[in-house]
Structure formats: structure tokens, C-alpha cells
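Dear colleague,

Please find below a structure that I am handing over to you.

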Amino acid sequence: MSISKKTERMDIFVDEGKKSILVQERWQYNWLSDLSPWTMKEKRKFHELIDNIVWKKWGGFYKLKVKGKSDFAKRHKDTIFVVNFDIKWVSDNPHWFVNVKKIAPGGFEKSSIDWNTRVINLDTEDTKIVTRVRNGVKYQQLPVAHMFGRTLGNISNLKLPRSESYQTDYSLNPGFKSDYYSIINIGEQLRLRHIDYVLIQLNSDLVNTIFYFL
């Protein structure tokens, strides 16, 4: 048996046999360039690179258990489900419309996400490690991994109890502002709160079945 939940911004698949949960986003790319036009080889390489970054940075960290009165919940009361994440390149019916600009090495474009319109803006430098300094401490981050984290619901307009976004959005939880190691801040560490929205989506339509953090 498997459980699936399809939403506007992500699909969630629970595989009973593999004891896994896959959070998949469908991305439709708009290939932009300040340089030469994108070749198909370059497009494939970029997608494979960001998909691999997301899989490695986000996959395997989160582990969930299940409780409730449903047959599924009873059957898996002792099961630990491992959560993985995936980006699927699509040409229609996307969760996210992704503008990707090819820029010169060392160049800079402001990357962003618009939750309401489901638009992501990236550039080719977002696959490279960025180092920032706060209070004399260096923090490293892969921008595309950070941006993916925001598509999982780490956005201020949702106003979740443990909301975390850019510094101007920390009014709900001021303490998160100084958690520089967080991947939604300027670091690369994951926190349980980073998939609160995913968990809400997973549990929203399930009858007598509740997934929760291990």
C-alpha cells in the first residue's frame, strides 16, 4: 500500500514497502542567458546538478513515525519512515516556474522565490558554495539548497508557528534570526521546523493517520 498527497506546490508519496516518504516538486524551466544560449547538454547538466544537491542536502535527515486508528497506522506503529526530496524537470503542469539565468563565473544575480505565483529565480552561480561572515564566524551555503528549502514552506506569509525566512521576516520567532547555521538562514544545517509545512500537507487529508517527527 502507498499513500500520496498532491498539492499545488509539491507531491508527497509514502511507500509502505520501502518505508520511505518522497517529497517531489515538478519544475518547469525558463532558460535565460547573459552569455551564449543554453545547449541541451548544459540544461541537463544544470538540472542534474541541482537535483543531486537537493537529494544530498535534504534527503535522509528527517525520520517520521505514524500513529492513529487507521489500518495503515496500526500496521506501521513501529515503522520509521525516511524522508527524501526530488526535483522533476517537466514541460507542463509544474509546481514551480523556474527562471534560470546563465551568468559569467563570479557574477551575481539576486535569486528569489514568489510563493503566491510559484515562481523561482535562479542563476548558474547558485550551485556554488557561498561564504558569509557573522560576528567573525564563517558560514557556508549552497544557494540552490537554501532556495529549495523555501519552496517547502519556509516563507513568512504562511505565518506558521515556527516560521523561518529572511531576516526581515523573523518577527514571529526572533530567536531564529541568530541561528546562522540554519539552511534557511546563511548556513547549511537542517532543522525539524524546516518541513513543518510538508508535515501539515501530509497529514491534512489522512483519516485517523498522523505522521510525526521521530
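How are H1 and H3 oriented to each other? Helices H1 and H3 are roughly perpendicular to each other, a description that applies to angles of 65 to 115 degrees, with those under 35 degrees counted as roughly parallel, those over 145 as roughly antiparallel and the rest as oblique. Helix H1 covers residues 40-58 and helix H3 residues 143-151; they pack at an angle of about 70°, and their axes are 9 Å apart. Axes here are lines fitted to C-alpha atoms, for helices over the stretch in contact, and angles run from 0 to 180 degrees between N-to-C directions. From H1, the residues Ile 50, Ile 53, Val 54, Lys 57 and Trp 58 make the contact, and from H3, Val 144, Ala 145, Phe 148 and Gly 149; contact means heavy atoms within 4.5 Å. By type, the residues of this contact divide into seven nonpolar, one polar and one charged (Ala, Val, Leu, Ile, Met, Phe, Trp, Tyr, Cys and Pro count as nonpolar, Asp, Glu, Lys and Arg as charged, and the others, Gly among them, as polar).

Please note that this is a predicted model, in which local features need pLDDT of at least 70 and side-chain atom pairs count only at pLDDT 80 or more, while totals for chains, interfaces and linings use all residues. Residues are numbered from 1 along each chain as its sequence is written, and side-chain values use heavy atoms, with hydrogens and water left out.

As to the whole protein, there are four helices and eleven strands; helices (H or I, at least four residues) and strands (E, at least two) are DSSP runs, numbered from the N terminus. The radius of gyration is 18 Å, close to the 17 Å given by the globule rule for 214 residues, so the protein is as compact as a globular protein of that length. That radius is taken over C-alpha atoms, and the rule is 2.2 Å times the number of residues to the power 0.38. Of the 214 residues, 50% count as buried (under 20% relative accessible area, with exposed meaning over 50% and partly exposed in between; 1.4 Å probe, protein chains only).

Helix H4 (residues 196-203) has seven of its eight residues buried, so it is largely enclosed by the rest of the structure. Strands S1 (2-6), S2 (11-15), S3, S4 (63-67) and S11 (210-213) are among what covers these buried residues.

Ser 204 is placed in the loop between H4 and S11 and is partly exposed, at a relative accessible area of 42%. The side chain of Ser 204 is joined to that of Lys 5 by a polar contact of 2.3 Å (a pair of N or O atoms within 3.5 Å; within protein, one must be able to donate a hydrogen and the other to accept it, and residues adjacent in sequence count only if both atoms are side-chain atoms). Ser 204 and Lys 5 are 199 residues apart along the chain, and their C-alpha atoms are separated by 9.0 Å.

Gln 24 lies in strand S3 (residues 20-33) and is buried, with a relative accessible area of 13%. The side chain of Gln 24 makes a polar contact of 2.7 Å with the side chain of Asp 86.

Lastly, Asn 93 has a positive phi, near 50°, in a residue other than glycine. Asn 93 is exposed, with a relative accessible area of 57%.

With kind regards
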